[in-house]
Amino acid sequence: MKIRSLALLGAAAIAISAMSAQVQAKTFRYAFQADAQSLDPHGLNETFTLGFLGNVYEGLTGYDAQMNLIPLLATKWETVSPTVWRFHLRKGVKFHDGGTFDADDVIFTWKRATSTESGQKARASLISNIRKIDDYTVEIETAGPVPTLARELAWLYIMDKQWSEKHNATEAAKPASAGRENAWATTHENGTGPFRVVERQPDVKTVMERFEGYWGKPKTNVTKVIFTPISQAATRVAALLSGQIDLAYPVPVQDWNRLNAAPGVKALTGPEARTIFLGMDQARDELTNSSVKGKNPFKDIRVRKAFAHAIDLNAIKRAIMRGASWPSGLMWAPQVNGYNPKMNVPYKYDPALSKKLLAEAGYPDGFTVGMDCPNNRYVNDEKICQAVASMLAKVGIKVDLLAQPKSKYFAKVTASGGYNTPFYLLGWTPGSMDVHNVFVNLIACRDKERNRGKYNIGDYCNKRVDELTDLIAAETDPKKRQAYIDEGAAILKKEYGYIPLHQQPLSWGVREDVSVAQRADNVMDIRNVVVNR
Amino acid sequence: MLLFIARRLAQSVLVMLTVALIAFTLFQYVGDPINNMVDQDTSLAERERIRKQLGLDDPVHVQFWRFVQNAAHGEFGISYRLRKPVAELIAERFPATLELSMISAILALAIGIPMGIYTALNRERWPAKLFMTLSLVGVSLPTFLIGIFLILIFGVQLRWLPTFGRGEVVQLGWWSTGLLTASGLKSLIMPAITLAVFQMTLIVRLVRAEMLEVMRTDYIKFARARGLKERAINFGHALKNTLVPVITIIGLQVGSIIAFAIITESVFQWPGMGLLFVQAISEVDIPVMAAYLMLIALVFVIINLIVDILYVVIDPRLRVQS
């Protein structure tokens, strides 16, 4: 009797565990066009790598599905003074190896992120000191006021001090010559995130499993993740259509109809926080590639104005972006902190006005100008440039278009190539999701010493806007700060410093039995993935 | 004979150096690797520091000389993109490429030779005409198109075969093989066929042409006159003489199968050296590009060397000249 009931109990237990295993085992398989460059969270500040590692590592703060700032390893924070922030750390958080998270790890992480080979130096150097108040409270000091500090910290992932010391990984690894030093963290991880890496073959496959000791209760029911980089878009789409993966991104905009027509899969699209725009060389006395000699036509505001009004953003949206772009009058997207919808008014399409302005400026028959464009960086980048060229042709401007792969394009138009372009197309997502990043990189006057205007390729320069950049950086009162931002935006618009085109679409392909959140920064956060099968 | 080999070896070194030099000259035009190694917020000073660290600010001839010196020691540097030693990366990827190439080569031979014989012997029958038409299609279709067609039919529509990757692999020491698992074998089918199609059609046409040539020779006529069986004539006399040039060509084609694998590998996301090379190009990963080009050059040099030696062994006239 006793034995029988025990056996029964045993059988029941096995049945229950088998059932629950069936309920629980949810595998999520996804593919991106490239692999994460490294597992080291301070190796490279690149969106995909950091987004991928965000499932494994965590910062003090983070972003939710709607890009709202949320607490992660900090529970709350307050500013003691404009340059001192107090962060209260979460208790009971375990690293994947079982180590405990505390204030020492925060200080260690910051120091590691400032090491010579760190890709997070720009971010970490905002901080001048971190003081430990007790094991779960730290005070972070910044050199000047940094109102966006909590946003920046979302991308500074916390590493375990003991683990890093044990594996000689207390500094970020060098990218090349001596890559064998400090290399442990590039192939191993020990984060606090909901998933831990159990298998990694760079460029081939990464397998993650749910971390049982995770402190939070994320929405996801995924227990196992298989990530595969697939570089060819056609192969990626085929893998999704054949049911071998649950999610693929990015997928070509041209494939949306095909995906939606196929059973069980759909295209997922929404606005990305990336603004695509045109820039004009306003620095040189003579353009590098133009029929106009001895002077720079873009120095004449009437010419810039003529260009801006000759471009039909809605036509680009309709004919090239398949309706999936959001024409913009600002250099930053609605998801970016500091966005004001009232300021977002695109330049009006008015080719007659453009012709008139060109005639007034002394170019009644137009002129020839070179244009640089990437052809594998943004959604339909080369096609947009071709459309711009044909629109400008209608007002008499002959565009000599050079579209090339991103590696060659960036080598030519950015600082390393001496900003060698008269007219170009570029896209920008501020890494901090704050408008100051746009000002300091694109709009402030070029200044190598102060590391400003690095991507201000055409060197648009206005003294007041330059001042405003500093004011926006330091102002902690949101109302005053917004006034500065709006003032800057208005000046830029009035001076036709840039020609914003649109926000480009995110383009994912996903199985219908999987629900995901498509974040505007194109980050795949598995915390938001639910598998319904 | 030894003198001949020594001279050939010296020429091979020269060939390798030339390949390296051409490669390095081209690398000046592939773009800026630093841009792919840093992010948009990285300061210009930091970029310059990395450029210096990698020695990319040195003149081309200095970079070239450094590369040659390191390569002579078997040192190919660290991949900019994957941050691993290049030699290690290539060793990891080599088995995938070699398995794919060898299976394709076997496939091309096993199907191509019988088809070639058949079309030569039965020129007027309709299957022969069909094979010839198909081989024309095979020669003219680009590899990636064949791959995409196969994926669409057998992967997306019928769902018989996996569309990407290598499936489960088994580690035998440093060698990873996909030949021992079911998913590995299934994954191999479509890429192997894609890669084999061109070689196969080439072999069909070659065997057919050679066979027709041989069938017209006097000794075949004489064999017929002796009243030998058709079978003995076709396979005993004709085929044997046909295969000599076919084998030479196939030997040389092995090199190009490995090199052609680039396209097949990127269509099927096959984790071999070709895919590594394609990704290295898009990210300006110079150490990987350099090592791959050198390796392919080495493969061709070795094959040519062997073929040259074989010629000397087979043909006494060459020996007299040397």
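Modeller: Let us begin with contacts: two residues are in contact if their C-beta atoms, placed from the backbone, lie within 7 Å. Please keep in mind throughout that this is a predicted model.

Colleague: What does chain B look like as a whole, in terms of its helices and strands?

Modeller: The secondary structure of chain B comes to 13 helices and two strands, and its C-alpha atoms fill a box of roughly 85 × 60 × 35 Å along the principal axes. Of the 322 residues in chain B, 36% are buried, while residues 24 or more positions apart account for 70% of the contacts in this chain that have a separation of 6 or more.

Colleague: How should I read the place where the two chains touch, and how many residues of chain B are in contact with chain A?

Modeller: The size of an interface is often given as the accessible area lost when the parts come together. Here we can count residues instead: 44 residues of chain B are in contact with 43 residues of chain A. On the side of chain B that touches chain A, the elements giving two or more residues include α3 (44–53) and α10 (230–267), and by class that side has 20 nonpolar, 15 polar and nine charged residues.

Colleague: And how do I read strands, for instance which sense β8 and β9 of chain A pair in?

Modeller: In a regular strand the side chains alternate between the two faces of the sheet. In chain A, strands β8 (residues 195–201) and β9 (residues 205–210) pair in the antiparallel sense over six bridges, with A:Gln201 standing opposite A:Lys205. Three residues lie between the strands of this hairpin, where A:Asp203 takes a positive phi near 75°. Strand β9 of chain A is also joined by four bridges to β10 (residues 224–229), again running antiparallel, and there A:Glu209 stands opposite A:Lys224.

Colleague: Finally, is A:Ala352 buried or exposed?

Modeller: A:Ala352, found in helix α12 of chain A, is exposed because 10 other C-beta atoms lie within 10 Å, and a residue counts as exposed at 12 or fewer.

Definitions and conventions:
Residues numbered from 1 in each chain as written. Chains lettered and ligands numbered in written order. Predicted model: local features only at pLDDT ≥ 70, side-chain atom pairs only at ≥ 80, totals over all residues. Buried ≥ 20, exposed ≤ 12 C-beta atoms within 10 Å, placed from the backbone. Nonpolar A, V, L, I, M, F, W, Y, C, P; charged D, E, K, R; others polar. Pairing = 2+ DSSP bridges.
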